[in-house]
Amino acid sequence: MIKPLVLAAGLAALAGTTAFAQSYPTQPITIVVPFAAGGPTDTVTRLVARAMSEDLGQNIVVENVGGAGGTLGAARVAQAEANGYTLLLHHIGMATAETLYRELPYSATEDFEYVGLVTEVPMVFVGRSDLEQNSLEEVIEWAKTEGEAVLYANAGIGAASHLCGLLFMNAIDTQLTPIPYQGTGPAVTDLMGGQVDLMCDQTTNTTTQIRDGSIKAFAVTVPERLDSLPDLPTTAEGGLPEFGVSIWHGLYAPSGTDEAIVARLSEALQVALADPTVIERFADLGTSPSSAEDATSEALEAKVRSEIDLWRPIIEAAGVYAN
Ligand code: ASP
């Protein structure tokens, strides 16, 4: 039998949590971006955060915690207090790091609550603007000849740019020299400056630079051409029929966060993703917001689990690990 005093204490604690959840949020929220400022994850986060903060009636601060391919920022949120005031906006790396890192200081399936999917973004193969090559076929030929002399920028092991580069090097059976950054924001700056040769990054970080000619684009990594860059062939058209990768972003809270708070965050995310300005800005950057059905806890959890299973054998076959 449960003692009345224990029961009373339990009920009081429950009432406390519910009251806390009902008044949430009463202070600014921080969303950790596990990459440098100015990159694609940062751009997506800032657009969504602005619209979410209007719905929540609280400021949202974006904090960039780059390094180790996104795993430092993710670890920081896994260890944060589960009170709804520290969140994480991460991409496909949440699933791929599970295999790329033999030792990871968190678990994507145990240390987070899932708020919802945010967007799915294609990637593009880009190069410095003064490269002589004008097509993916020519880039492949050049990369095979030059090998490790080709400097390939990425955001570290676990980043989408790393994954894309890994698949590319495997597909052409050639090792290039990876140059890691804390995010592809600074990487694209160096690509524009000609310090590195090639990169694969989300359209959200490259569309403007492709259009103004400050970088060269060779192919998009999804099966169909994009409305935003209609002249750009797909990787399949460019000679890599098996190649495909699409990047998704999700919003997370530390595990143990009150269910009512997570539900409130999912609701605010859905409102933000239906915001006309967000839709318009996403379209300019070659993407679109996730649907209301996908901006849910269930959809993000299913995505994380299925993508861990999808990428594990591919990464194991490539035999590339961070540790
Ligand atoms: N999108 C980049 C990558 O995964 C990281 C970033 O957002 O800066 O390579």
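Helix 2 (40-56), helix 6 (160-172) and strand 7 (198-202) each contribute at least two residues to the shell around the ligand, where helices (H or I, at least four residues) and strands (E, at least two) are DSSP runs numbered from the N terminus. This is a predicted model, in which local features need pLDDT of at least 70 and side-chain atom pairs count only at pLDDT 80 or more, while totals for chains, interfaces and linings use all residues. Residues are numbered from 1 along each chain as its sequence is written, and side-chain values use heavy atoms, with hydrogens and water left out.

The shell, taken as residues with a heavy atom within 4 Å of the ligand, includes Phe35, Pro40, His91, Ala155, Gly183 and Asp201. By class it holds five nonpolar, six polar and one charged residues, with Ala, Val, Leu, Ile, Met, Phe, Trp, Tyr, Cys and Pro counted as nonpolar, Asp, Glu, Lys and Arg as charged, and the others, Gly among them, as polar. Domain 1 (27-121 + 247-318) and domain 2 (122-220) each provide at least three residues of this shell, the domain bounds coming from an automatic or database domain assignment.

| Side chain | Ligand atom | Distance |
|---|---|---|
| Thr41 | oxygen | 2.5 Å |
| Ser161 | oxygen | 2.3 Å |
| Gln202 | nitrogen | 2.9 Å |

Taken alone the ligand exposes 270 Å², of which the protein buries 100%, with accessible areas from the Shrake-Rupley method and a 1.4 Å probe.

Turning to the backbone, Tyr24 and Pro25 are joined by a cis peptide bond with omega of about -5°, and Pro25 lies in the loop between helix 1 (4-23) and strand 1 (29-33). Ala68, although not a glycine, has a positive phi of about 50°.

Key
Polar contact = N/O pair within 3.5 Å; in protein donor to acceptor, adjacent residues only side chain to side chain.
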